[in-house]
Amino acid sequence: PLALLLLLLAQTHPATLAMRAGRYAEAARLYEAELKANPNEPMLRFNLGLALYSAKNYQRALITLTTFLKSQPSHPAANLIAASAMLKLNQGCPALDYLKRAESLAASPEYIEPRAEAEAACGNHPEAARLWQALATRQPSNSRAWYGLGMALTASGDEPAAKQAFARLSALGPSPELLRLEREVARGLWTAARYAEARAALERVLQLGAKDPALHYELGASIEKLPGPAEALAHYRTALRLDPTLIVALAALGRALATLQQPAAAIPHLERAARANIDKSLWVALANAYRATGRPAEARLALQKAQ
C-alpha cells in the first residue's frame, strides 16, 4: 500500500508532470522551490540537476549535480549527467573522471557516447574509436556514432577506415543532424587543404539542401585548387548572392577573374575586398587589374595602399 501511494504521488507531482510533458524549465523552477523548502532532501537536488540539464542550462546543471555528488559521490546517473553537462560546456577531458564513476551504466548507449567524446577530448583516440564502433554496431542509423568513429580513426592515423566510416555516415537518410555532421567533415577537410576530398564532401552537403554562403565559397576554393578558376566562378557568385558582404568570396572572385584575364570584371570585386583591409595583397591584385585596363594613376594609388 505504501509503495502504491508513493507511486500515485509521483504520478501527480507537478514537477514530475512538467518533466514528462517536456516543460523542463518549469520543472526546474518547481524542483528549486521544493529544494529551498526541503534543503536536506538530496534527491530533490538531483532532480533539479536533471531538469536543468534537460532545459539546456548546462552550467547550472553542473553546479547543482556536483553539489549533489559531494554527498553521494558514487551515484551513477548523477555522474553521467554531470559529465554530459561538462561535454556541452567543452570540458571534455575533465568529464572522464565523472564517467569512470558511472561505469555501472557502461552497457547503455547513453553512456557510450559521452564516454567516447571524453576519451577523444583526452587524446585517447583508439579507445574513442572502439567506443564509437561499439555504438555504431548497436545503432547503425546513429549519425553521431559514424561521425565520431570517422574522426577518431582520422586522429588515430587510420585514413582508410575513417573513409569507410564517413561513407556510412553519408549513406544515412537526410536529417538536420546528418547535415550538421557532414558540414563539419567538409569544413575539416577544407581547412586541412585536402581539396579533392573537401570538394566531394562539400558537394554532399549541398545535396542535403544546405544554403550556406561559406559552403559555396569553400567549394569554389576547392575547385579552383584543382580544375582551375573557371569552374569556381559560379560558386563564388552563388556565395555572394547569398551574402553580398562575404569578403573572402569577393576577394576570391576578383582574383579568379583576374587570373582568367578578365581585369575589368575583376576590378569591382577587388575594390570592395581591398577596402575591407583583410589582406594587403588585394591592393596589389587591384593595381595589376587597373594597369591592365589602362588606369595607371589608380594603379599607383593602389600600390601605395599595399605598403
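User: What volume does the second largest pocket have?

Analyst: In this predicted model, the second largest pocket has a volume of about 330 Å³.

User: And how do I read its lining? Which residues lie nearest the centre of the second largest pocket?

Analyst: Think of the lining as residues with an atom within 4 Å of a point in the pocket. Here, 18 residues line the second largest pocket, and nearest its centre you'll find Phe166, Val185, Leu189, Arg194 and Glu197.

User: Which helix gives the most to that lining of the second largest pocket?

Analyst: That's H11, with six residues. To find the helices on the structure, look for H10, H11 (159–171), H12 (176–191) and H13 (195–207): each supplies at least two residues of this lining.

User: How many residues of the second pocket's lining are nonpolar, polar and charged?

Analyst: Sort the lining by class and you get nine nonpolar, three polar and six charged residues.

User: Okay, now the largest pocket. How much space lies in it?

Analyst: About 530 Å³. Its lining has 24 residues, and Leu87, Glu113, Glu117, Trp132 and Arg144 are the ones nearest the centre.

User: Where do I look for the helices that each supply at least two residues of the largest pocket's lining?

Analyst: Go to H6 (76–88), H8 (109–121), H9 (125–138) and H10 (143–155). H8 gives the most, with seven residues.

User: And what are the classes in the lining of the largest pocket?

Analyst: Twelve residues there are nonpolar, seven are polar and five are charged.

Terms used. Residues are numbered from 1 along each chain as its sequence is written. This is a predicted model: local features need pLDDT of at least 70, side-chain atom pairs count only at pLDDT 80 or more; totals for chains, interfaces and linings use all residues. Side-chain values use heavy atoms; hydrogens and water are left out. On a 1 Å grid over the protein atoms alone, a cavity is a set of points where a 1.4 Å probe fits but cannot get out, and a pocket is an open set with protein on both sides within 12 Å along at least five of seven lines; lining residues have an atom within 4 Å of a point. Grid points are joined across faces, edges and corners, and a volume is the space filled by probe spheres set on the points. Helices (H or I, at least four residues) and strands (E, at least two) are DSSP runs, numbered from the N terminus. Ala, Val, Leu, Ile, Met, Phe, Trp, Tyr, Cys and Pro count as nonpolar, Asp, Glu, Lys and Arg as charged, and the others, Gly among them, as polar.
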